[in-house]
Amino acid sequence: MNAGRARASELLKPPPSRLSGNGQAPPNRRKRGVLIRIESVTKRYPDGTVAVDGLSLEIPDGAITVLVGPSGCGKTTTLRMVNRMVEPTEGRILLDGEDIRQRPVNTLRRSMGYVIQNAGLFQHRTILDNIATVPRLLGWGRRKARARAAELMERVGLDASLGKRYPYQLSGGQQQRVGVARALAADPPVLLMDEPFSAVDPVVRKGLQDELLRIQDELGKTIVFVTHDIDEAVKLGTMVAVLRTGGRLAQFAPPAELLSAPADAFVEDFLGADRGIRRLSFFPSAGLALETGPVVPIDADAARLGSHDGAPYLLVTDADGRPLGWGEPGRLTAGAVEREHLLPYGRPFVPGSDSLRTALDGSVLSPTGWAVAVDGEGRTVGVVSQQVIGEAIRAAHSRLADGAAGDAADAGAAR
Amino acid sequence: MTGFFDIPSDLQHSWLGLVGLHLREALLPVLAGLVLSLPVAQLCVRFRWFYAPVFGVTTVLYAVPSLAFFVLLIDYTGMTESTVMIPLAVYSLVVLVPAIVDGVRSVPPETLAAATAMGLGPVRRYLQVQLPIAVPAIIAGLRVAAVSSISLVSIGMLIGNQGALGNLLNDAQIYHRPELAVNSVVTTAALGILVDALLVLVRTLLTPWMPRKGASR
Amino acid sequence: MTVIDFARAFFGDSAHWHGEDGIPHRVVQHLLYSAEALAIAAAIGLPVGLLTGHHRRGGNTLALVATAARALPTFGLLVLMFTWLGFGLVPVMIPLVALAVPPVLVTAYEAVRSVDPPPVDAARGMGMSETRILLQVELPVALPLVLSGLRTAAVQVVSTATIAAYVSFGGLGRYIIDGLAQKDYEKVVGGATLVVGLALATLAVFWAVARIAVSPGVRRSH
């Protein structure tokens, strides 16, 4: 087994791809989450500070809704009002139609998973007992609660051997996974996550984000996720609420719509510079016209090397079809292709599961300007030029414009 | 009828005289303790291994009852003030060393690194960075040491009337004047509270950089 | 003669090992009322300290109370109480409890107040009651400090309880006070040695309790 295969199979892992995992709940999944309706809620502190100002939001069930905004925009306050860690001054919050104030506060909280920055683990309890906290609060026996905790460790990608350790013996990323497992322990329909991944380094953060998408794909909870990182919001959110300082809603939309049609200058500014490129994540690469002419196996004969339809470069693959690199037709000698003289082929994309953004990125990274498409096994299925990708982008944009005005969610979920 | 502040002549002091004597017997040892504990604490900070034995020895010394300490010293220093003051200095040392070590250790390493990077030598760094930042912890230690010292001086009464205000307790029994005992307790407690308040004031003056309580939410 | 000779003479005298004034009896007496004073101080200081620490409020008032209690001269208070109330346990307990309450109270408050807030926030968010948060989240983490406050109080009480002998009370102070009156240094040194030994044993007991009661997950960070 070589390194190329390992990498290809990693690329293949299913849900991190936002195209399949991130739309509405797939069919055949029984509904697990609940709908949260925030009705003109205001939080005013005794000193006159207004943290949240007349906010109304309908948080869909079984999906991730991200609250994002600069510090002081009231996103954390909003989240904490959902489990009554903060009581609103005005307005109300409904859970599947029922006012949250009608339930005893601790019963309400036990029905909602709660994940915070740095995880907030109990340092005096083992990992297993940390995760078993809420089941134990709900009166489960110790044995059953621990068994459930062990099951969750596996679900969040933690080795079972860590169960007997204490929090200080785990890395930041592992602790955060324990935090997620602890929140999921009693299988609550709602998960409240307050900047859960802000304190870990970018590589670990990406892993945790992918893991969350994977878990959500399996469980279909109603997740409210607070972050100040717009990229995280766009990556994770089915719906994204952008809040502005002073606790007012600036825009509430699916991420693709946010990127294509920011409501105002504040949102546009908050989204940052390259939102056009980032929006390409929501366009599928499946429709790209791939060419197979310029793809030649390493053992190709002279005739095969000659029939290249005038392509300036040929992609040389190994016997199994895995890409090796680009070569100019004139410099390739049949039977004597030297691998080390080939040009690098950049990062390949998988048509169907990767987006146009990945395809474009692949073509930009490739010195020849062509992107390599591979299948799930890492075998070359074709190549595509920047020009063709550019046409596909324009086509996708015009389809959007023609279709239901700005309904980017459908475009994003196009399969 | 004799009044509250009429001190029997055998004590050879007025009430104010006793107060002065009491403060001297209580606070000189604290001062000595502070002077000794600064270098000891700095050694503990410099050489981590040094802290454990110092901590052990001081803990044992702290466990020696003051009365026993006084009595054992009589052989060497007689029934004098020194016999009272030496143990009090030792107790102060015991309280102050850990307080100063904690205080100096609480200086953030990045602050120290910044000081070093700016070219401050070890001595300057100690005097201009570590010590000022440790002031709140040192004063906290001083408060405990001073107040307990003021309280302990009274026991000196048992070794030949070396207890300053504590000597009133003896006279209260000899002359059947319980108000002298009340006077002793109230005056000693007042002195303790007064000295404590003074030390809080000193801390406030020495640490203008500390956020005032209530200033921020 | 050195201190060690005195001690040797004291412990070597078989007359010191039995009867009303024997070492075992005096040690038990000393331990009993030290324990009683500590128990009363803990019964007052722990609940008040833990609760104020949990609510993170009232620290200033607490500090004032503790300062006032610390400023009360233990010996003077003992004599005064004896003058007012006569011979009995109460005049001995009042000064010892006043001595032990401040360290218990202040450290319990500080220990709980300085518990890292995120786990407490998480516990609340998971729906733990405030009592559970205090007892199951804050106290286990605060335990090393809480125990250190109790330990300081215990050592002070054991060491200071000697002065109770001045008001005709039993305990190891008898040897010191009587020895002083009789100019019998053997007795003084013997009594002092026993008190120091008892105080060190108290330290050992607290060390063992901390070993057993403090979670390994917490112990490491202290």
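This is a predicted model: local features need pLDDT of at least 70, side-chain atom pairs count only at pLDDT 80 or more; totals for chains, interfaces and linings use all residues.
Trainee: What makes up the secondary structure of chain B?
Mentor: Eight helices and zero strands, where helices (H or I, at least four residues) and strands (E, at least two) are DSSP runs, numbered from the N terminus. Read from the N terminus, chain B goes α-α-α-α-α-α-α-α. Its C-alpha atoms fill a box of roughly 70 × 45 × 25 Å along the principal axes.

Trainee: Which domain does UniProt place at residues 19-206 of chain B?
Mentor: An unreviewed UniProt entry gives "domain: ABC transmembrane type-1" there. UniProt positions follow the numbering used here, feature names are shortened, and annotations may be inferred rather than shown by experiment. In the model, residues 19-206 of chain B are 85% helix and 0% strand, with end C-alpha atoms 27 Å apart. Chain C has the feature "domain: ABC transmembrane type-1" at residues 27-206, according to UniProt (unreviewed entry); that span is 84% helix and 0% strand, and its end C-alpha atoms are 19 Å apart.

Trainee: Where does UniProt put the feature "transmembrane region" in chain B?
Mentor: The unreviewed entry lists residues 26-45, 50-72, 84-101, 133-160 and 180-202 of chain B. Take residues 84-101 of chain B: 100% helix and 0% strand, end C-alpha atoms 27 Å apart. Residues 133-160 of chain B come to 75% helix and 0% strand, with 43 Å between the end C-alpha atoms.

Trainee: Why are β2 and β5 of chain A said to stand at the edges?
Mentor: Start with the order: the open sheet of four strands in chain A runs β2-β1-β4-β5, with antiparallel pairing. β2 (50-59) and β5 (98-99) of chain A each have a single partner strand, so one side of each is left without a neighbour in the sheet.

Trainee: How do you know that β1 and β2 of chain A pair?
Mentor: Two strands pair if DSSP finds at least two bridges between them. Six bridges join β1 (residues 36-44) of chain A to β2(A), so by that definition they pair. The two run antiparallel; V41(A) sits opposite L55(A) in β2(A), and I36(A) is opposite I59(A) in β2(A). Their hairpin has five residues between the strands, and G48(A) takes a positive phi near 95 degrees there.

Trainee: What makes up the contact of chain C and chain B?
Mentor: 37 residues from chain C and 37 residues from chain B, contact meaning heavy atoms within 4.5 Å. The two chains bury about 3,100 Å² between them, 78% of it on carbon and sulfur atoms. Buried area is the accessible area (1.4 Å probe) that two parts lose on being put together, summed over both. P73(C), F75(C) and L180(C) supply 17% of what chain C buries against chain B, more than any other three residues.

Trainee: Why is the pair R80(A) and D121(C) called a salt bridge?
Mentor: Their side chains meet at 2.8 Å, N to O. The cut-off is 4 Å, so the pair qualifies. One salt bridge is found across the interface of chain C and chain A.

Trainee: What else describes the interface of chain C and chain A?
Mentor: About 1,900 Å² is buried between them, 62% of it on carbon and sulfur atoms. D121(C), G125(C) and M126(C) supply 29% of the area chain C buries against chain A, more than any other three residues. 22 residues of chain C touch 21 residues of chain A.

Terms used:
Residues are numbered from 1 along each chain as its sequence is written. Chains are lettered from A and ligands numbered from 1 in the order in which they are written. Side-chain values use heavy atoms; hydrogens and water are left out.
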